[in-house]
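Welcome! Take a moment to look over the model, and then let us walk through some of its parts together.

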Amino acid sequence: VLTVCVHTGSGTRLYESEKEDDSLHLTESAAGVDRVLSGKLTELLKISGPGLKKGKSRVFYGLHEDFPCIAVVGLGRNSLGVCGTEYWDTCKENIRAAIAGGCRVLQNHVLTHIEVDGCNDSQSAAEGAVLGLFTYDDLKTKKKTRVTTQLHGSGCVSGWEKGVLYGEGQNLARYLMEAPANHVTPSVFADTITNRLAPYADHVTVHKRSQEWIEEQQMGAFLSVSKGSEEPPVFLELHYNGCPDNAQCPLLLVGKGITFDSGGISLKPPSGMDAMRADMGGAATVCSAIVTAAALNLPINIIGLAPLCENMPSGKANKPGDVVTAKNGKTIQVDNTDAEGRLILADALCYAHSFNPRAIVNAATLTGAMDVALGSAATGVFTNSDWLWEQLHKASVVTGDRVWRMPLFQHYTRQVTDCQLADLNNVGKYSRSGGACTAAAFLREFVTAPHWAHLDIAGVMTNKDEVPYLKKGMSGRPTRTLVEFAAGLANQA
């Protein structure tokens, strides 16, 4: 079934006029369909109700043999661009939301193929279509209708293809985060990423490091978390050589890979604990970003690191007050076994420095405090580099998956270094106060690189109804921002 997508769904795209009235004007693709229909589409829009508001849709049937079903969606105002208060491109966000909404409407009509209005920004349209149609139903008997999409008309095909890859990259992260923990163990996670990178074997190398290797590297903090589980840990190391002749230092991406977080001995409350299957969201977004970079053939060298394990209670698990030794020799007093993500990242960050990276960016669903501070509006970024912050912020404005800078004051460092038994405590001196900030201060103790950023993605881990082009569930954020960030660095080379 062929349909034209409108910016208020799928089908044709409609703009509200600048005036406070119900007048509408069609996008270029929608106007083309209207001409084929001798103005019938415009006529039906006028008589079928008040003007279409942003995100609202109408579906028309039997107008043309080539378009038996047309969804028309409202885009909102057509003069909007980058908003200085929202820190995103409003037009791009409206397109993503509209196309996603329209595609879902048609999917619910059990249609299997949709032509999408490019809305003069085919990349954003493609992202909306791919992200809006994602469903994790692998374990259900009854599955959603599988829908294929393509660009309608003569829009920018390269932009559409790029948008599809961006959307598919985020969907890979969503898939990994959404899957039950008994279906995505550390080894299964590593195998999934390995398989997804297999088509790019000529310029991607994958190392699945065993527990023996982790022990040889003296990653005592990582090992202390993994020993509570029967699942063996895996240290996944990805080398994407998109610019093999360039001796420039690589971009280093590090992701927290706790495939299930029970809280260890400091057991979490049972309510909502099922969501802890997505506590490997940092690793999921980082690895998916590298898969996308390889698919896009970005001219940049990237190394990805993902320490993967479970955090479970057992007779071998960390106990409050235990002291462990990280790879760089610093000792850590583990007062809260539920603050395990920073322990595995500490060793991964130490190892990252061995590659002399251009920049290090780590992503982690690290603290509930970040969710309290920012909610799902933006990823919290703690960084020692103004340059790196600008690159991440610039990328997030384009993708609409925003970042917000948080403080790295010595005020917080003193709260993790004032420790009775060791060099550091894995929780701040004043417990919950500034929890996201003290976690970042802890990680900073394992960083010597001049360009490092810690992305706390706990608040953006899930989506309820905040991002209209994502369904309820695990969000896969901020995969597209990481990809856009890497692409931006590649263009600077």
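Predicted model: local features only at pLDDT ≥ 70, side-chain atom pairs only at ≥ 80, totals over all residues.

Gly 304 counts as buried, at 1% relative accessibility; buried means under 20% relative accessible area, exposed over 50% and partly exposed in between, with a 1.4 Å probe and protein chains only. Gly 304 belongs to strand E13, residues 301-311. Helices (H or I, at least four residues) and strands (E, at least two) are DSSP runs, numbered from the N terminus. Leaving aside neighbours within four places in sequence, Gly 304 is in contact with Leu 236, Glu 237, Leu 238, Leu 253 and Ile 290, where contact means heavy atoms within 4.5 Å. Gly 304 and Leu 251 are 53 residues apart in sequence, and 8.5 Å separates them in space, C-alpha to C-alpha.

Residues are numbered from 1 along each chain as its sequence is written, and side-chain values use heavy atoms, leaving out hydrogens and water.

Now for the whole protein. It has 15 helices and 22 strands. For 493 residues, a compact globule would have a radius of gyration near 23 Å, and the 24 Å of the protein agrees with this; the radius is taken over C-alpha atoms, and the globule rule is 2.2 Å times the number of residues to the power 0.38. The C-alpha atoms fill a box of roughly 80 × 45 × 45 Å along the principal axes. Buried residues make up 60% of the 493 residues. Among contacts between residues at least 6 apart in sequence, 76% join residues at least 24 apart.

Next, look at strand E20, residues 452-456, where 5 of 5 residues are buried. Trp 452, His 454 and Asp 456 point one way from E20, and Ala 453 and Leu 455 point the other way. In a regular strand the side chains alternate between the two faces of the sheet.

Which strands does E20 pair with? Strand E16 runs parallel to E20, whereas strand E17 runs antiparallel to E20. Two strands pair if DSSP finds at least two bridges between them.

| Strands | Bridges | Direction |
|---|---|---|
| E16 (residues 359-364) and E20 | 5 bridges | parallel |
| E17 (residues 379-383) and E20 | 4 bridges | antiparallel |
| E14 and E15 (residues 331-334) | 4 bridges | antiparallel |

Within these pairs, Ile 360 has Trp 452 in E20 as its bridge partner, and Phe 382 stands opposite His 454 in E20. Thr 325 stands opposite Thr 331 in E15.

E14 and E15 also belong to an open sheet of 3 strands with the order E14-E15-E19 and mixed pairing. Strand E14 (322-325) and strand E19 (424-425) stand at the edges with a single partner strand each, so one side of each is left without a neighbour in the sheet.

Helix H14, residues 435-444, is mostly covered, with 9 of its 10 residues buried; among them are Cys 437, Phe 442 and Leu 443. Helix H3, residues 90-108, contains Thr 90. Is Thr 90 buried or exposed? Thr 90 is buried, with a relative accessible area of 14%. Not counting residues up to four places away in sequence, Thr 90 touches Leu 80, Gly 81 and Cys 83.
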